[in-house]
Every structure is written in structure tokens, then in C-alpha cells.
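Thanks for making time. I have one structure to go through, and I will keep to what was computed from it.

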Amino acid sequence: MLPQTKASLEHILEHRKAYLEDRQNKQLPSRPLVVGVSGCQGSGKTTLCDTLSHLLGSEPHNLNVVSFSLDDFYLTRAEQAKLSEANPGNPLFQYRGQPGSHDVDLLKRTLTHLIQQSEHQVRIPSYDKSLFGGLGDRRPLSDWKPTKAPYDVILFEGWSQGFKPLLPTELERVHRHATPNSCIAKLPLAYLSQMNTNLEQYESQLYSMFDIFIHLSPAKLEQVYNWRLQQEHHMKATRGVQGMSDEDVRAFVDTYMPAYELYLPRLDKVGFFGQGLHGEPLKPYEGPQRKDGGYSASGRHLRIVLDQERRVIDSVHIKEHLQSKSLSSTTNNVSPAYRFSRLLVTCTVFGALGFLGYTRRQRVTDMFMRLIRGRS
């Protein structure tokens with residue numbers, strides 16, 4: 001068993017036990033544990049979920065597991081074409097993949113039915129990426145994957161799971177200070193703002209339903225290019241299809257890099273359930289679905305850091321109760337003008353204190369001399 005599989009399995013089993021006890025103590029009805037899984041292209045998140053589904057569904061656990069991907073809920077080809085037309089010139093929305101290219105309403109309904117187990121059978125949409133010359137389209141309802149309640153664990157994976165929108169002022173600041181060779185700097189702020197706005201729907205409609213989180217994080221962001229390249233080579237070798245050239249793969253990954261550059265730092269530092277982006281204390285995420293007494297134990301986010309060969313080099317449970325420093329106040333992100341103004345204020349304050357100290361010493365010395373003269 002791979003270390004990332006072992007760590008993820010232990011994470012799920014440990015929290016599921018606590019989760020069931022928590023609901024029993026609160027006298028809440030039984031419902032499945034929802035596990036969000038995030039990872040860059042080629043990180044192995046789909047393989048991880050497939051393996052976890054098999055392990056959890058086998059002896060000694062024998063759990064009913066539903067596993068699906070954010071990719072299953074891409075817009076239809078006709079809807080994607082309309083999205084592209086509505087964003088002319090914006091490379092982020094000419095093809096599927098980015099926040100905004102999914103049917104979030106369908107996804108919310110499906111996830112809600114699975115959680116509430118309100119239907120004996122829930123069908124998961126199926127998407128065929130090979131249709132329309134690789135542009136893709138949703139398969140007909142008859143091809144959707146059937147599931148049967150009751151469910152024990154729901155595994156929901158996606159490359160952008162856990163990405164949360166930045167405040168407009170923060171987005172503008174990051175774009176303004178981006179290095180010239182970054183993918184952020186290569187796009188107008190308006191293009192990034194559209195993606196940022198689209199993310200709000202994912203956070204408000206879906207994230208509150210997640211109980212625990214698993215994140216496969218690259219040690220270096222550049223690894224994503226090689227991971228996706230390896231993935232493409234493997235597909236062409238095993239399936240006998242033409243696929244993309246190496247140059248096409250790099251251009252493909254380039255469209256995802258702005259989101260990684262914008263949103264991965266927060267997910268890595270604060271975690272899925274923490275707030276604290278701008279310095280406020282961290283606290284469990286509480287959305288509308290959690291008002292009935294949601295699961296809010298500490299350490300629900302497991303971050304697994306992978307090297308170039310997808311070997312685990314670090315594994316940590318991010319604690320939501322810790323204080324978080326502002327991501328926008330690190331030395332590398334502070335502008336020179338701000339540093340100078342801060343230094344000027346500091347010098348002024350210490351100068352004033354020094355002057356007051358000197359004045360007081362002179363007054364004490366004068367009083368002492370007058371006293372000596374009086375006695376003499």
C-alpha cells in the first residue's frame with residue numbers, strides 16, 4: 001500500500017468513527033461521511049480514490065462507498081460553447097476545466113440526495129471527453145452511474161477542490177506584484193476576476209457539505225507539468241490513442257496555473273476548514289448545511305506533500321484552532337513603499353521617545369543642582 005493511500009485510509013477511518021459518535025451524541029440521523037479530495041493534474045487523486053473505494057468496500061470494513069469526480073459535472077457541449085462565447089478572448093473559458101465550466105446546480109442536487117439518502121438510487125453523471133473532437137460532452141442519462149443507498153462514505157475529488165475566492169483587493173494586489181514570468185502576470189486582471197467570481201458559487205453551494213478533506217500537494221508547482229506529461233504518455237501507450245503532443249500538454253497545463261498560483265498558497269497554509277487568510281483566528285468552516293450540528297473536529301484536513309516521483313515527503317493534519325498569519329503580510333509580498341513608511345513611523349516614534357527621555361533627564365539634573373546649591 002502506498003504511503004499516501006495508507007495515510008488517507010487511516011484519516012477516513014479515524015474521522016468516520018468520531019463522526020458517527022458525534023452524530024449519535026447529538027441525536028442526529030445517520031448520514032454518510034463526505035470526503036473532499038484535491039490534487040493537481042497527474043498527482044494521482046483519481047487512482048487514490050479508486051484504491052480507497054476498493055479498500056473501504058472490502059473486508060474488514062465492508063462500507064458502501066460512492067466515488068466521483070468534479071469532471072463528471074462539466075457543462076454540456078452546448079452550454080460550454082455559450083460560456084466560451086460569453087468570454088471572448090479569455091483563454092480560461094474557451095475550454096472545459098476552470099471554475100464556471102461545471103453544472104454546480106446539478107452537482108449540489110446530486111450531493112444533497114447522496115447525503116440525505118432521500119432517494120434509494122442516485123445516478124452520477126458521466127462525461128465523455130473524447131466527443132466532439134476532444135471538446136467533450138455529457139453522456140445521456142442511461143449511461144450515468146447508478147448507486148444504491150444507504151451510503152457510508154462519499155469520495156468527491158477534483159483538481160480545484162478547496163480553492164476559495166480571494167477578496168477583490170487581495171486579487172488585485174497579487175496580480176500587481178506577480179513576477180513577470182508567472183502565469184498570473186500573463187493575463188489581464190479582468191480575466192482572473194471572472195474566475196475568482198465563479199469560485200464563489202462553489203464555496204457557497206458545495207464546501208459546507210464536506211466533513212473531512214485530503215489534499216495531494218506538490219512540493220514544487222513545476223512538478224505539475226511533468227505529472228501531466230507522464231499521464232498523457234501513459235494514456236497513449238496503454239489505450240493506443242493519439243492524444244496531445246508535449247507542447248500541447250504544456251499549453252494545457254498553463255491554463256490551470258493561474259488558479260494554482262492564486263489559490264494553492266491558502267489551501268496549503270490555512271487548510272480547507274480554516275479561515276484566517278487575512279489574519280483572523282482560524283475556526284471550523286460553518287456553512288448553511290452545518291446548522292443542524294455538523295462535524296467540526298480538529299485536524300480534518302490531511303495534507304500530503306509529494307515529490308516529483310509522487311513519493312510522500314511530508315504528511316500533516318492542519319489544525320483549525322491555530323492562529324494564522326496573514327498571507328498578504330509576508331516580507332516577500334510587502335511593497336517597498338510600505339516598508340519605507342513603516343520604517344519612517346518606527347524611527348519617528350523612537351526619536352520622540354528618545355527626546356522625551358533626554359528632556360526628563362535634564363529636568364532631574366537641574367532639580368538636583370538647585371538642591372545642592374540650597375544646602376551649601
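What percentage of the residues of the protein chain count as buried? Of 376 residues, it is 45%. Please keep in mind that this is a predicted model. The accessible surface comes to about 19,700 Å², and 55% of that belongs to carbon and sulfur atoms.

On to secondary structure. The chain has 10 helices and 10 strands. If we take contacts between residues at least 6 apart in sequence, 75% of them join residues at least 24 apart.

Now the sheet. Six strands form an open sheet in the order β2-β7-β1-β8-β9-β10, and the pairing is mixed. The edges are β2, residues 65-69, and β10, residues 312-318; each has a single partner strand, so one side of each is left without a neighbour in the sheet. From one strand to the next, the twist averages 15 degrees.

Within that sheet, β1 (33-39) and β7 (153-158) run parallel and are joined by 6 bridges. Valine 37 stands opposite glutamate 157 in β7. Helix α4 packs on the sheet, where it touches β1, β2 and β7, and its direction makes about 160 degrees with that of β7.

Last, helix α6, residues 189-205. Its 17 residues reach 25 Å from first C-alpha to last, close to the 24 Å expected. Which of its residues are buried? They are Leu192, Met195, Asn196, Asn198, Leu199, Tyr202 and Glu203. Seen down the axis of α6, these buried residues fall within an arc of 165 degrees, so they line one face of the helix. They pack against α4 (104-116), α5 (168-176) and α9 (257-269).

Technical notes:
Residues are numbered from 1 along each chain as its sequence is written. This is a predicted model: local features need pLDDT of at least 70, side-chain atom pairs count only at pLDDT 80 or more; totals for chains, interfaces and linings use all residues. Side-chain values use heavy atoms; hydrogens and water are left out. Helices (H or I, at least four residues) and strands (E, at least two) are DSSP runs, numbered from the N terminus. Buried means under 20% relative accessible area, exposed over 50%, partly exposed in between (1.4 Å probe, protein chains only). Contact means heavy atoms within 4.5 Å. Accessible areas come from the Shrake-Rupley method with a 1.4 Å probe; for residues, only the protein chains shown count as cover. The expected span of a helix is 1.5 Å times one less than its number of residues. The arc is that of the directions from the helix axis to the C-beta atoms. Two strands pair if DSSP finds at least two bridges between them. Axes are lines fitted to C-alpha atoms, for helices over the stretch in contact, and angles run from 0 to 180 degrees between N-to-C directions.
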